[in-house]
Each structure stands twice: as C-alpha cells, then as structure tokens.
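Thanks for asking me to look this one over.

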Amino acid sequence: MSRIVMKFGGTSVGNTERIRNVAKRIIGETAKGHEIVVVVSAMGKTTDELMSLAGDLSSEPSKREMDMLLSTGEQVTIALLTMALQHMGQDAVSFTGWQAGIGTESVHRNARIEHIDTVRMEQALSDGKVVVVAGFQGLDAYGEITTLGRGGSDTTAVAIAAALRAEQCDIYTDVDGIYTSDPRYVDGARKLQELSYDEMLELANLGAGVLHPRAVEFAKNYCMPLSVRSSLSEDTGTILLEEPTMEKNLVVRGVAFEPEIVRITVGYEVPFNGSLAKIFTTLAKHHVNVDIIVQSIMEGVQPSVSFSIKKEDFAETIQVLESKKAELGYQSTNFEVGLAKVSIVGSGMVSNPGVAAQMFDRLRKEGIPVKMVSTSEIKVSVVVPESAMLQATNALHDEFGLAAVRV
C-alpha cells in the first residue's frame, strides 16, 4: 500500500461544491488502496479577507497576532473537508499544523519548518483514516503559532510527504500544470510536461506563483516526485524530476516576471569605508530578502552599493538602515520604485553561450532599458521599468521560441 500526499489550493476548495469534488477525488484514490494525507489552503480569498480586516484595525498589526489570525483560514477548510469525507462514508480526521507535529523556527509570518513529529499522522493512517492537515502553519519551540509565508501550504505538503516517506506528492491547483510563462499575460504560453527541480526552483524564486520555492527545495533534497495538476481534470499535469527526459532541445524553458521591485542605493564617502558584509548581515537579521546586488567603486566617484528588494519590504529596509546608519558607516540612501524583474530560465543555458547577449539584444530592439542584471548557470534576470514588464516578458517568450511545440 503506497502513501500519497495530495495538496489542494484555495481555489480548489473555494466553496462547498468544490470541497465535495475534492472529497470525491480523495475517495477515488483511497479506493485504489492508497493511504492518503491531504493538505489544504484556506478557502478562496479567505486569507486576503482576513488581512483586510486586520488592516482596518491597524496599519501595522503585530506579526504574532497576524499569525494567530491567518492560521484560522486553513482550520475552517480542514474541518469542512473532513465533514464532507465522513458524510460520503470515508473515515477521516483533521489536524491543525501543530496537531500534525509541524515544528518551525521562531519567526512570525515567514517561518521555516524544522521538524515534523509524524506520530499522530502515522496512527491515523494505520487506523484507515484519511488525514487532513492545515497547510501554511506550525508551532515553534515556545508554543507560538507560526505561518510559513504566502504559498506555504505547498511546503507543508512536500515536507509531510518527505517525513512520511510517501511515494509521491501531488499539488492540485486551478491550472493544469506549469507553463512556459503565465498564460494570462503571455501569448502562446504552453504547459511543460516535465521540468527539473533546479529550473522550477529558479522560476518559483523569480515570480512564478505556481509553487512555493521552499516546497521545491524539499522535493529536490528528498528526491520526492512532485506533480502540479488541475483539481478540475484528470490530466497528469507537469512532473518535477532531477533530470527531465522530454523537450531537451529547449535552451530556455520559461520566462518569469515579478512586479513591485524597488532598487535601493547606499552611498559612501570617499575613501570607501563601507562593508558589504555589515549591510547584508544586518538586513538578514531582520529577515529582509535582498535580491540583485551591484557594487560600484571607481576613483573620483562616490562608492555605492545598489540592491533590489520587494516593495513589501521597503519600509522595513529603510527603517533598519536608518537605525544602523552610524554602525554601517554610509552617507546617503536613494531608492527607485516602479520597477519589475523579468527572468529567463533553462538548464540548457549552461552549454549554450550567448543566451544573455541574445536576451539583451531583444530588449534593446524593444526599447526597454535594463536597470540591473543578475545571472546564474541556468538563469538571467533583469530589472526593467514596471511599465515594460509584460512587453519584455512577451518579447523574450517569442525570442526563445517557447510557444512552438517541442518533442
């Protein structure tokens, strides 16, 4: 008897009718003889609605209380889904994240899973029950409720699959797989049959919202077969593997984009007395995620370091820098808003030089200025004006032939 972890996103459980459909799908898997653990998100837009309620009461609600509030969304879903399963004759039990034994670090709003005590889940599975677990949440060592950040239910599902030594983990969502780019905004975007863990990790980190980056990390670290598929159809979706066997002739396999990027520039007096380590260690201690970094030290010019962050981290970043100005030893800070990041990803880029040049040439022809650049073996990212984000994405999708059917 094999174990399967099934994760259903918010749209898949957005109302009671969809919850019934999910329950039927789960029962279909148990009928095949599988032991099933189900991880669910909050229903529909519940998380957004809860955040709006908090915003009505406070412009800066405490992160602890936000975790207390937001964790209730998934608790509603697990109870309703378990009721649906029981009504259909399937024995089932619901667990919150902490009841399922999910232990996290002591960080509110964006905690990482540190360990999972599987005893209660193992016992329930041995009793023939479907286990329904609230995604996105856990408990730290001090008994505080924590949440895992946006998309954290994906991470919950893959982490549980690894801890239970499941045969596979299936992520069910409102799309039928992973596309070459977001089909809502990119003409000709098409579904990929297979994708490597590394490629998906880059795409997830670069703005593709289909999977949470930490979920992909878990899948890669534990070699967990992971599929992304539709909750409304029987299609196989996209399978994540260590080494894809299909579409190997694609040099670039996806184009990702992310709006609301801010570039911050920190200037120093001449002679240079700043420390990159000090700046980024300080920001890291405050859990500010810094992306692209560019340092400039030229004779006769004020030394500076520029870096990009998400708009949501802007206020905290400025506050941290200002509070540590004397310690960090910088002279001034400037910032530029209204930016976006556009990236191309593909494992074939390693053995195909000239991909970055081709990318920059197409952007030049489109009249799109490039503000910052970051590269790795399998990706090239550029920061461009946000007003040109979708133009750049569509142009690069066309430039690398991603709309064409490949075999």
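Below are my notes as numbered points, beginning with the ground rules.

1. First, the ground rules. This is a predicted model, in which local features need pLDDT of at least 70 and side-chain atom pairs count only at pLDDT 80 or more, while totals for chains, interfaces and linings use all residues. Residues are numbered from 1 along each chain as its sequence is written, and side-chain values use heavy atoms, with hydrogens and water left out.

2. Let me start with the cysteines. A disulfide is a covalent bond between the sulfur atoms of two cysteines. Taking a disulfide as a pair of cysteine sulfur atoms within 2.5 Å, the count comes to 0. Cys169 is in no disulfide, and the cysteine sulfur nearest to its own, that of Cys223, is 14 Å away. Cys223 is likewise in no disulfide, with the sulfur of Cys169 as its nearest, 14 Å away. As for their surroundings, buried means under 20% relative accessible area, exposed over 50% and partly exposed in between, using a 1.4 Å probe and protein chains only. Cys169 is buried at a relative accessible area of 0%, whereas Cys223 is exposed at 56%.

3. Next, helix α5. Helices (H or I, at least four residues) and strands (E, at least two) are DSSP runs, numbered from the N terminus. Helix α5 covers residues 152–163, and its 12 residues reach 16 Å from the first C-alpha to the last, close to the 16 Å expected at 1.5 Å a residue; that expected span is 1.5 Å times one less than the number of residues. Because 11 of its 12 residues are buried, α5 is largely enclosed by the rest of the structure. Among the buried residues are Gly152, Asp154, Val158 and Ile160. Just after α5, Arg165 has a positive phi of about 55 degrees.

4. Which side of helix α4 (residues 119–126) is buried? Met121, Ala124 and Leu125 are the residues to look at, as they are buried. They cover an arc of only 100 degrees around the axis, so they sit on the same side of α4; the arc is taken from the directions that run from the helix axis to the C-beta atoms. On the face turned away from this buried side are the exposed residues Val119 and Ser126. Counting contact as heavy atoms within 4.5 Å, the buried residues of α4 pack against β1 (3–8), β2 (35–40), β3 (92–95), β5 (113–116), β6 (130–134) and α5. Gly128 follows α4, and its phi is positive, near 85 degrees.

5. Strand β2 deserves a look from both sides. It is mostly covered, with 6 of its 6 residues buried. Glu35, Val37 and Val39 lie on one side, and Ile36, Val38 and Val40 on the other. Two strands pair if DSSP finds at least two bridges between them, and β1 and β2 do so in the parallel sense over 6 bridges. Met6 stands opposite Val38 in β2.

6. Now the aromatic rings. Rings of Phe, Tyr and Trp (its six-membered ring) pair if their centres lie within 6.5 Å; planes under 30 degrees apart count as stacked, over 60 as edge-to-face and the rest as tilted. The count by this rule is 5 aromatic pairs. One of them is the edge-to-face pair of Tyr185 and Phe257, at 5.9 Å centre to centre with 85 degrees between the planes. Tyr185 lies in the loop between β9 (168–173) and β10 (194–196) and Phe257 in strand β13 (residues 254–267), so the pair ties together parts that are 72 residues apart in sequence. Tyr185 is partly exposed at 41%, while Phe257 is buried at 13%.

7. Phe280 is in helix α8 (residues 276–285) and Phe307 in strand β15 (residues 304–310), 27 residues apart; both are buried.

8. Finally, β15 and its partners. Since 6 of its 7 residues are buried, β15 is largely enclosed by the rest of the structure. It runs antiparallel to β13, joined by 7 bridges, and Ile264 stands opposite Phe307. Strand β14 (residues 293–296) also pairs with β15 in the antiparallel sense, over 4 bridges, with Ser306 in β15 as the bridge partner of Val294.
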